[in-house]
Every structure is written in C-alpha cells, then in structure tokens.
Amino acid sequence: MPATLLQKVWDAHAVRRLPNGQTQLFIGLHLIHEVTTPQAFDMLRARGGRVAFPDRTVATVDHIVPTRDQRRPFADVMAEDMMSALERNCREHGIRLFDLSSGHQGIVHVIGPELGLTQPGMTIACGDSHTSTHGAFGAIAFGIGTSQVRDVLASQCLAIDPLKVRRITVRGRLQPGVYAKDVILEIIRRLGVKGGVGHAYEYGGDTVDRMSMDERMTLCNMSIEGGARVGYVNPDATTFAYLRGRQFAPQGEAFEAACAWWSSMASDRGAPYDDEVVLDAAEIRPTVTWGINPGQSTSIDGSVPSPADVPAADRDSVAEALDFMGFAAGQPLKGTRIDVAFVGSCTNARLSDLREAARVIRGRHVAAHVKALVVPGSQTVRAAAEREGLDRVFADAGFEWRGAGCSMCLAMNPDRLEGRQICASSSNRNFKGRQGSPTGRTLLMSPAMVAAAAIAGELVDVREFVGAELAYGR
Amino acid sequence: MAGSRIRERSGTAVPLRGDNIDTDRIIPARYLKAITFEGLEAHLFEDDRQQANARARDSHPLSNPAYAGAAILLVDANFGCGSSREHAPQAIQRRGIRAIVGQSFSEIFFGNAVALGLPCVTVPEATADALMQIAERNPRALFALDLEALRLTVDGQSFEVALSPAARQSFLEGSWDATGLLLDRFDEVRRVAERLPYIAGF
Ligand code: SF4
C-alpha cells in the first residue's frame, strides 16, 4: 500500500500504542538549547533519572548569546547563568555541546542541518517551535515544551497523537526577487495561522523540487506559523548532495546505503493525503506582513486591508492589528518608513540568504535614519560568508556584522527594538512585543526585501529597486 | 511517576477575548531568561496588561480585581500559538488557573498544558461567547467543569465541552505526566533504536 513519508517514519519509530491511544514514538535526534532545558534537567534530577541516550542528544546555545561582545562571563548575569547551567548539564550527562568556542555554535535549527545531524527518515525533537525546519530533509521534527524535553531526556520518546497530512503542491517558476520566504508567507496567508492544526504539511511540486536545501528549510521553518505540527519535503538528490561529506552524515559506503534507505522513506506515488492545496508559483510576489501574526500579509504592491473588507470572523483581529501597528486601512505598504533592518533568524540567516541580501546592497548605503544589522545563523555561516567577503559588503553598506545567534528575532539578548520602532525583519514572528519592545513593530519579509528597505529607508519592491541584479526565476 | 487524577475543576472564571493570543503575549520572552519557572505568574500578560492599563485602569481582565482568584480561564480561538515555551502554561497555572476553556488551542500549547495537568477543553464559538458573557456579567459566577461527563455547568445551564480522548483519559487516570509511562517498557525502546538503520550505522 502506498504510504506517506510521515506514515513510514511513524511506523519505523513507534514503540507502542499507549493506553490513552497516543503513540510512544522513539526520537532519533534530540536537539537542546539553553532556554527550554534547565528546568527539564532539574525535573529529571528530582526523580533520580538519567539521560537515556546521551549520544542522541546534541546541545548548542543561541537565544541568549550576545552577538556583539561574546566574551565570558556575559555582561548579563542571567544570560551567564543560563549558559553555565547548560554547560553543567551537558557535562554531567555526557552530552555534546557546540559552545561559543567550538566554531560550530549557532541557532539550533541552522547547525543541526549544517553538521549533517539532521537526516531524512529521522524523528527529531527540540524544545523550540521552529524545529519544523528540519523537515526540509524529510525528517519528522517536533517542537516541544519543557516537560516533554524531560520526557525525551529520560526515555528518548514522546507520547504523541497521530497527524493528518496535507499535501501542499507549488507549481511553476518563481519570478526573480521572489523567494521561499514569499512562498511560505503566501501559504500561511491563504490557509490561515490555524489552518494547519492537527496536520503535517508535506510540501512538493516542481517549484519545491527545484529549491535548494536552504530554501526548503525556510519553507518548513514557518510551518508552525501556519498552525501545522510539522512540515516536510520528501528527500531527493538535492538532499543527498547537501548531506554528502558533512561531519555527522554517514561516510563512504554507509552513505550509499543511507541514500537507498532515505529514498525508500519518501512518500510513494499515490500515497493517501487528507487533503491537497495547489499554488501557482508564478502568481506569488514579494510579500510583507502588515499585522501582528504571520498570516496578516499582502504583496508589496498591496495595501493594508480595512476591517470592513475581511470576513466577519477576522474583523476584530484586523482592527486590533491596525490599532497596534498604527496603520490606516487602505494605506499602501510601499513607502512605509522603517527604523531598523534585521537580516537573521533560523528562517533566513543561512549563507544563501546573506548572499541575496548582499546582492541587493552591494555598492549602496543604508539610509541615514536606519539601524541595520546582519546576524549569521551560525559560526559556520559567518566564516563561510567572510571567506566570500560578504562581511565587507555589509560593513561598507553600513550594516553591523555580528556574531551568530537568535539576536533580534526575540527579546532574550541585548539586540532589541526600542519604543515604537518599525523593523523590516527576515525572521518569522511579528507578534506584539516579539522583538523586545512591547510596542515595537515587525514587518516580515525576505532577506532581499529587508536589504532593499534598509537602503531605501522605507519599504520598496526589491524587483524595482535592483531589477537585473536579482537571482533569476527558479 | 504519574500525576494525580483530575476529574473536575471548578471556580470563578476570567474571560479573555481575542483570537490568536500567542505565547509571547502570555509571557514575554525577557522572562524566559531564568533557570527555573518560579515567579513567572507575576509577569503573566505583562505587556498586554500595561497597554490596557494605559487606556483605562484595570481594563485587562487579568488586572481586574473582580476576577481575582479565578480558577477557569475563558479564551477564544488558537490560544497559545507561536513559541513552544512551557513558561506560558506554567505562568497561567502558577497564577491559580486550573482549567482553560476556549474555541481552539495551538497544539504545542495544548500538549504542554496536558503535561502540567492543566486541562484545555474546547467549545463552539457561540458557547465560548455565551460563557464569556456570563463571566462578564457576573465575575462571581461559579463554573464547574466535569472531565468525566465532558460538561461545563454555570448559572444552572450546562454546556457540552470537547477534549481529545487521549488527554481526557490521561487526566482521569492521572497519567498526564508521561515520563513514567514512557519508561515502562524500556526494553522495547531499545529494540526500536537498534533496528533503526541510522543508529545501526547503515
Ligand atoms: S531564531 Fe528566532 S525563531 Fe529561530 S530559534 Fe531563535 S528565537 Fe526561535
């Protein structure tokens, strides 16, 4: 019987059916970071438990690390406490930690793939909602809370409910200047921020087939913003080529055997889906959010809606968003003045993202009133970018070139908005207060659009702004 | 180790209107910078409350003294979306809330709440609105949630509520703290691990 990747991975990892009907699922890779684990280790300790599979657990530090001055001890005492707690817990339980001195530290969802830890057919869990990123490799990757981190530490398993699968097929060529970020923002806009509840999103179609692994990661990263529990892309030649030679990927003959198994885990032709949605890539334009959730977006040539134009059920949230953002109904997005430009986060801080942003700013300068920063997703990305001279391109244009971390994606380190500042951001959440100021405002978009906004000092259509210099339709 | 059995939750209710209330609003990220969950309740909805307060004193339901001591939180749709931070249900529970009733919940939030013994039950939109109106009219109205019968009674009226069979059973049996259950048959866990090609080394 033809089956989906989700079904195959589920069957391969199911330990048993629990009395309450949930599945006890073995977790192949447990990624941990400093924010959601100290309490989990304490709970484990209080019960006299041990980490069941320390060699299936890997740690890094990302949320609280300062991106400017990374010397220890950190200036922020609480950040230093969290860092030391993680170090202590990893030491005590024999867990590998990629810390600031490792050369591989970075956002957990950036380093897992780049080290080859993330592989097709695996189950992955991490105490972080954007764990869905790892689905780009054909893994089933769950974001979990701290009590579940404790469960995985103690047993390497999760108790979990079955999921439906929605196939999201994207067909056709993306226009130049349109990126995976625009595709996922469009998907969330159409299906809604709670449209995916109870589902795994399987992304496919020729547009996705042509995407690089970096782009597939952007797509899967924001599945959670659409309400889906996980998102994934079936593994293919692009996936295998990416993994070949990576530190933790199988080597030599084992790699060939691995490719065979990975291929066998992909969804079969004729696999049963609970439903299917089809998008035409050619229709997607550079997209920007105007509201306080990632579904509140429009194309850059669009305007802010009026509560009167939307279905009754959405009226209150549109009114609330306009009130918070200080936008008027009908106001065009283009020309919105920005204060801060942020290229970073697990959505868009990989090497290809930095290259696209650099392409836009090369030979230009950030507008005088804009503070612009670029924060590589990992030390590896940072080093690779420096080898290409991207750090110079950014610095010459007036961008601050920072150390790796979550930075201004969320308010847990020194990088944050102030007051009512408006930020053009390549991150994934525009929630009220997300970027550190309770009244700060976030506009989500692709790194190329952030770069163009930084130079212009206001929202512009990156296609008009740089035209011919953009990456061409894929 | 199992939790205690949870069959019913009762008390007064605090109504919190609005869809898509995310966990950044429930507990702002700056309060995640700590290695314990202690004291989180002091910062529950802090920024929302301050912004509401700036408009009209005590206008946020969680700042309103009329709702002090509420044991039930009434919400709308997609409550707890966004970040997976367990700090959100922790802060809610530490504030004294014993159950949440709403139109729908984000899955990660729901799972986190189950793991803490904090039931989140769903009702249709019209019921959610009716319940909010009752609590708005009379903050002292007593709500009684029966997880066995899946009914919520207040003011002499009785409403049907929904809860996934797995979560319901976990609460009724006191097995909502999953660690013990997952360790029960550890030999089977090892067997699954050994037959996975990526662990066996392909
Ligand atoms: S970059 Fe942002 S979304 Fe990604 S893990 Fe860090 S804080 Fe979370």
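Another backbone feature sits in chain B, where phi of B:Asn20 is near 55°, a positive value in a residue other than glycine. B:Asn20 belongs to the loop between strand E1 (8–15) and helix H1 (23–26) of chain B. Most residues other than glycine have a negative phi, and most peptide bonds are trans.

A word on how to read this: the model is predicted, local features need pLDDT of at least 70, side-chain atom pairs count only at pLDDT 80 or more, and totals for chains, interfaces and linings use all residues. Residues are numbered from 1 along each chain as its sequence is written, chains are lettered from A and ligands numbered from 1 in the order in which they are written, and side-chain values use heavy atoms, with hydrogens and water left out.

**The ligand and its cavity**

Let us turn to the ligand. The space taken by the ligand is the largest cavity; a molecule counts as sitting in a cavity or pocket if more than half of its atoms lie within 2 Å of its grid points. A cavity is a set of points, on a 1 Å grid over the protein atoms alone, where a 1.4 Å probe fits but cannot get out, while a pocket is an open set with protein on both sides within 12 Å along at least five of seven lines; lining residues have an atom within 4 Å of a point. Grid points are joined across faces, edges and corners, and a volume is the space filled by probe spheres set on the points.

The largest cavity is lined by 25 residues, and those nearest its centre are A:His63, A:Asp128, A:His130, A:Leu410 and A:Arg434. Around the ligand itself (a heavy atom within 4 Å) stand residues including A:His109, A:Cys346, A:Cys406, A:Cys409 and A:Asn428. This shell has five nonpolar, five polar and two charged residues. In these classes, Ala, Val, Leu, Ile, Met, Phe, Trp, Tyr, Cys and Pro count as nonpolar, Asp, Glu, Lys and Arg as charged, and the others, Gly among them, as polar. Domain 1 (5–276) and domain 2 (286–470) of chain A each give at least three residues to the shell, with domain bounds taken from an automatic or database domain assignment.

**Other spaces**

There are six cavities of 30 Å³ or more.

| Space | Volume | Lining by class |
|---|---|---|
| Largest cavity | about 240 Å³ | nine nonpolar, 11 polar, five charged |
| Second largest cavity | about 160 Å³ | eight nonpolar, five polar, three charged |
| Largest pocket | about 1100 Å³ | 12 nonpolar, 15 polar, 15 charged |
| Second largest pocket | about 790 Å³ | 19 nonpolar, 12 polar, five charged |

The second largest cavity has a volume of about 160 Å³, and of its 16 lining residues A:Ile224, A:Gly227, B:Cys81, B:Gly82 and B:Ser106 are the closest to its centre. Domain 1 (5–276) and domain 2 (286–470) of chain A both give residues to the lining of the second largest cavity, so this cavity lies between them.

Which element gives the most to the lining of the largest pocket? H11(A) does, with eight residues. Helix H6 (180–191), strand E14 (297–299) and helix H11 (312–325) of chain A, along with helix H5 (125–137) of chain B, each supply at least two residues of that lining.

In the second largest pocket, H4(B) gives the most, with six residues. A:Gln22, A:Asp161, B:Phe110, B:Gly111 and B:Ser164 lie nearest the centre of this pocket, out of 36 lining residues.

Side chains of opposite charge can pair when their charged atoms come close. A:Arg68 lies in the loop between strand E4 (57–60) and helix H3 (77–93) of chain A and A:Glu400 in strand E17 (residues 399–401) of chain A, so the pair ties together parts that are 332 residues apart in sequence.

How values were computed
Helix = DSSP H or I, 4+ residues; strand = E, 2+ residues; numbered from the N terminus.
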